[in-house]
Amino acid sequence: MEELLKKLAVELYDVQALKFGDFKTKIGLRTPIYFDLRVIISYPKLMSALAKALWTLADDVTKVSQICGVPYTALPLATLISVDNQIPMLMKRKETKSYGTKKLIEGVFSSGDNCVIIEDVITSGSSILETIDALKKEHLNVTEAYVIIDREQGGRKNLENHGIKVKSLYVVTQLMQYLLEAGKITSKVVKEVDDYLAMNQAPTISIQGTIPNDRLKLPYCKRAKLAKNPLASKLLELMESKQTNLCLAADLKKTDAILELANTAGPHIAVLKTHVDIIEDFNEGFILQLKDLAKRHKFLLMEDRKFGDIGNTVSLQYRYGLYKIAEWADLITVHPISGASVIDALKKGMKNITEPRGIFLIAEMSSKGTLTTGDYLKSAVSMAEEASNLVVGLVCQSNLSAQSGLLQLTPGVQLSKSDDGLDQQYNNPETVINAGADLAVVGRGITEASNCLKAALEYKRQLWNAYEKRINSPDM
Ligand code: S5P
């Protein structure tokens with residue numbers, strides 16, 4: 001079998017189903033490996049050999065009554081296995097038909113039938129889980145998935161957590177060894193891919209029902225351990241220890257006023273958010289004093305710069321100019337408008353900065369008529385989830401991510417107003433926490449109050465109570 005696998009690995013490489021170099025993923029992140037097994041339909045001998053090899057992974061074929069390929073690449077493989085072994089096949093539709101029978105699963109089956117899954121490549125396991133979900137809804141019994149390549153990015157574990165055993169012809173490290181032995185790739189490539197895989201593990205997919213890692217139900221202290229970005233862990237820990245999920249928007253024009261506010265409210269907030277470009281007397285001394293207060297009162301500094309240009313410009317804006325944001329802001333806000341490469345650009349801007357840094361991606365804005373809707377919003381969430389080693393969370397208004405290691409930050413919070421006359425829309429603390437916020441931004445609700453400290457304490461109390469209610473209520 002090993003000889004056959006070595007031979008097939010080389011053939012896959014030769015037909016360019018396996019590529020090594022510098023590629024972009026669907027949402028634009030860089031990757032040194034790219035697997036595209038769709039090409040195998042053009043090489044019937046290879047496809048047939050792969051289907052046969054896949055079927056050797058089955059322990060007891062007499063127990064398999066149905067085969068289902070994950071659309072689309074694995075469909076022809078499942079078909080070959082089905083025909084070769086005379087075992088019926090099922091197909092999962094990508095979308096439910098909007099007419100006729102509205103079935104998600106095509107084929108003839110009975111509830112309780114044992115069905116195995118066929119897939120080409122597994123990364124996070126989410127495509128297989130989607131297929132299994134549809135099969136389970138029809139009361140089919142699914143416990144095994146046979147896969148050509150496991151990219152070793154956490155998919156196997158995710159499926160095991162859902163009771164699915166994964167058997168693969170190759171794990172990516174073994175596959176690369178075969179290609180190295182065959183002289184197809186160099187050890188430098190192997191190292192690059194190894195480093196990439198170590199840095200890019202897929203997030204854990206929560207199990208609906210038991211939800212051990214559901215963002216809305218887990219306490220901040222537990223989520224601190226699940227975050228990939230060290231700053232996200234630090235933030236969650238300090239929120240827990242200070243019992244605050246308040247982010248104060250210090251939108252004031254004078255440095256003295258900001259420092260006074262930071263000193264007064266500092267012990268009660270998790271993050272102090274600035275817009276340094278509205279400050280009239282900005283100077284380096286101010287930043288030093290602000291950093292000092294942040295250290296003393298244990299809060300993080302966020303510069304709400306809302307970067308939104310091409311990568312090169314953003315990396316310059318972040319690092320240089322009057323404000324040198326990269327040098328002092330723990331956190332920044334970024335619009336995903338220019339694509340995922342902005343994250344790589346910011347990484348470049350962080351070169352030689354030794355303290356941890358984090359990004360909040362703006363998925364959804366609070367203002368009336370915002371354009372952050374539909375596909376834009378969905379892509380922003382995928383971008384954050386895929387780059388969660390640098391992205392700390394999302395700025396948004398609704399529950400967008402189940403990932404416990406990411407934080408949702410929601411602005412537009414006031415107790416006494418519903419708008420500001422300029423289309424800012426306000427909700428109260430309990431509403432935003434229930435809508436999925438982990439941190440709530442309060443600006444003028446505190447800065448324009450007659451007693452800022454009293455107002456900060458009141459927002460802090462209401463936000464924390466809402467959070468405790470959320471994690472403790474059984475029905476949310
Ligand atoms: O969608 C958004 C995103 C942000 S970061 N809506 C917002 O209001 N913000 C910021 O939150 C805004 O720039 C301001 O600093 C703060 C809200 O301030 P407030 O005075 O309306 O509470």
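Predicted model: local features only at pLDDT ≥ 70, side-chain atom pairs only at ≥ 80, totals over all residues.
I started with Leu 346, which counts as buried at 0% relative accessibility; buried means under 20% relative accessible area, exposed over 50%, and partly exposed in between, with a 1.4 Å probe and protein chains only. Residues are numbered from 1 along each chain as its sequence is written, and side-chain values use heavy atoms, with hydrogens and water left out.

**Around Leu 346**

I found Leu 346 in helix α14. Helices here are DSSP runs of H or I with at least four residues, strands are runs of E with at least two, and both are numbered from the N terminus. What does Leu 346 touch? Leaving out residues up to four places away in sequence, I get Val 314, Tyr 318, Ile 332, Val 334 and Ile 359. Contact means heavy atoms within 4.5 Å. I also checked Leu 346 against Lys 254: they are 92 residues apart along the chain, and their C-alpha atoms are separated by 28 Å.

**α12 against α14**

Two packed helices are described by the angle between their axes and the distance between the axes. For α12 (residues 311-319) and α14 (residues 341-349) I noted an angle of about 35° and axes 8 Å apart. The axes are lines fitted to C-alpha atoms, for helices over the stretch in contact, and angles run from 0 to 180 degrees between N-to-C directions.

From α12, the residues in the contact are Gly 311, Asn 312, Val 314, Ser 315, Tyr 318 and Arg 319. They meet Val 342, Ala 345, Leu 346, Lys 348 and Gly 349 of α14. I sorted the contact residues into 5 nonpolar, 4 polar and 2 charged. In that scheme Ala, Val, Leu, Ile, Met, Phe, Trp, Tyr, Cys and Pro are nonpolar, Asp, Glu, Lys and Arg are charged, and the others, Gly among them, are polar.

Where is the cis peptide bond? I found it from Pro 71 to Tyr 72, with omega near -5°. Tyr 72 sits in the loop between β3 (66-69) and α3 (74-85).

Gln 86 is not a glycine, yet has a positive phi of about 55°. I place Gln 86 in the loop between α3 and β4 (89-92), and with a relative accessible area of 66% it is exposed.

Lys 306 also has a positive phi, near 50°, in a residue other than glycine. Lys 306 lies in strand β11 (residues 300-307). Buried or exposed, or in between? Lys 306 counts as partly exposed, at 25% relative accessibility.

**His 268**

I looked up His 268 in the loop between α10 (255-265) and β10 (271-274). At 18% relative accessibility, His 268 counts as buried. Not counting residues up to four places away in sequence, His 268 touches Lys 242, Thr 244, Leu 246, Leu 453, Leu 457 and Lys 460.

**Whole chain**

I count 18 helices and 16 strands in the protein. Of its 476 residues, 51% are buried. The C-alpha atoms fill a box of roughly 80 × 50 × 40 Å along the principal axes. Of the contacts with a separation of 6 or more, 68% are between residues 24 or more positions apart.
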